[in-house]
Amino acid sequence: MTNEKVSYILNELKKLYPEAECELNFRTPFQLLIAVVLSAQTTDKKVNEVTERLFADYPDLDSMLTISEEVLQERIKKIGLYKTKSKNIMNLCKMLKEQYDGVIPNTFEDLIKLPGVGRKTANVVLSNAFSIPAIAVDTHVFRVSNRIGMVQGKNVLDTEYQLMEKIPRGQWSEAHHMLIWHGRRICKAQNPNCVNCPLNTVCKYYQGIGDKA
Ligand code: SF4
């Protein structure tokens, strides 16, 4: 796909979602980190429901370290994989305290050393907590960017690298949010609303449907 087309797509997405941003609620880098770890294989809405009360009682690292894994399990059991997530969060908190003086690291290399933190989580934290350009490829970013034809990624890592090549660095974080919003609202996994999508004139997936029709 040409740079002009990529630029057109980003402009159209910006018109559609001028307010696109992270949909997880948080007040500090610590809270964002916990919220993103909790968000694996569940919706941001469910995470926000759980963290509203969790962060009211345990807003920071020191207060989170006062509770046991069992208590944390009880507090987050409404969301999937809560046992694994509780374990990871408690180990992550201990590691932050012991190895990082309680400060959330602001490098990719350090973030991915934390339990339960992979590429996607690290990139979300870098981008949203520290305003460091990053493209976190979740299921929406992967699906939408490949459908449109911005990239032809075999997997999320491949997609992340290709998106970083195609999109100017200063727009990485914004593009990440807009692709997620588009995936949640119009370009859904099942039955994408192509007819009403402003990208349908350049979208390879839609052009493919057109060819078959
Ligand atoms: S035209 Fe359809 S497949 Fe393409 S981006 Fe829009 S909703 Fe997604």
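In this predicted model, 14 residues surround the ligand. The closest are Cys187, Pro192, Cys194, Cys197 and Cys203. Two helices, H9 (139-148) and H12 (204-212), each give two or more residues to that shell. The protein chain itself has twelve helices and zero strands.

**Ligand shell**

- Helix H9 is the top contributor to the shell around the ligand, with three residues.
- Sorted by class, the shell holds eleven nonpolar residues, two polar residues and one charged residue.

**Overall fold**

- Which kinds of element make up the protein chain, read from the N terminus? The order is α-α-α-α-α-α-α-α-α-α-α-α.
- The radius of gyration of the protein chain is 19 Å, close to the 17 Å that the globule rule gives for 213 residues, so the chain is as compact as a globular protein of that length.
- Along the principal axes, the C-alpha atoms of the protein chain fill a box of roughly 60 × 30 × 30 Å.

**H9 against H11**

- Helix H9, which also lines the ligand shell, packs on helix H11 (residues 172-185).
- The angle between H9 and H11 is about 85°, and their axes lie 8 Å apart.
- Angles of 65 to 115 degrees count as roughly perpendicular, and H9 and H11 are therefore roughly perpendicular to each other.
- On the H9 side, the contact uses His140, Val141, Arg143, Val144 and Ser145.
- On the H11 side, it uses His176, Leu179, Ile180, His182, Gly183 and Arg184.
- The contact of H9 with H11 comprises four nonpolar, five polar and two charged residues.

**H5 against H6**

- Helix H5 (residues 69-76) packs on helix H6 (residues 82-99) at an angle of about 130°.
- The axes of H5 and H6 are 9 Å apart.
- How do H5 and H6 lie relative to each other?
- The crossing of H5 with H6 is right-handed.
- H5 brings Glu69, Leu72, Gln73 and Ile76 to the contact.
- H6 answers with Tyr82, Lys83, Lys85, Ser86, Lys87, Ile89 and Met90.
- Five of the residues in the contact of H5 with H6 are nonpolar, two are polar and four are charged.

**H2 against H3**

- Helix H2 (residues 29-38) and helix H3 (residues 44-57) pack at about 140°, with axes 10 Å apart.
- Only angles over 145 degrees count as roughly antiparallel, and H2 and H3 are therefore oblique to each other.
- H2 and H3 make a right-handed crossing.
- From H2, the residues Gln31, Ala35 and Leu38 take part.
- Their partners in H3 are Val47, Val50, Thr51 and Phe55.
- Which classes does the contact of H2 with H3 contain? There are five nonpolar residues, two polar residues and no charged residues.

Terms used:
Residues are numbered from 1 along each chain as its sequence is written. This is a predicted model: local features need pLDDT of at least 70, side-chain atom pairs count only at pLDDT 80 or more; totals for chains, interfaces and linings use all residues. Axes are lines fitted to C-alpha atoms, for helices over the stretch in contact, and angles run from 0 to 180 degrees between N-to-C directions. Helices (H or I, at least four residues) and strands (E, at least two) are DSSP runs, numbered from the N terminus. A crossing is left-handed if the near helix is turned anticlockwise from the far one by less than a right angle, and right-handed if clockwise. Two residues are in contact if their C-beta atoms, placed from the backbone, lie within 7 Å. Ala, Val, Leu, Ile, Met, Phe, Trp, Tyr, Cys and Pro count as nonpolar, Asp, Glu, Lys and Arg as charged, and the others, Gly among them, as polar. A residue is near a molecule or strand if its C-beta atom, placed from the backbone, lies within 6 Å of it. Angles under 35 degrees count as roughly parallel, over 145 as roughly antiparallel, 65 to 115 as roughly perpendicular and the rest as oblique. The radius of gyration is taken over C-alpha atoms; the globule rule is 2.2 Å times the number of residues to the power 0.38.
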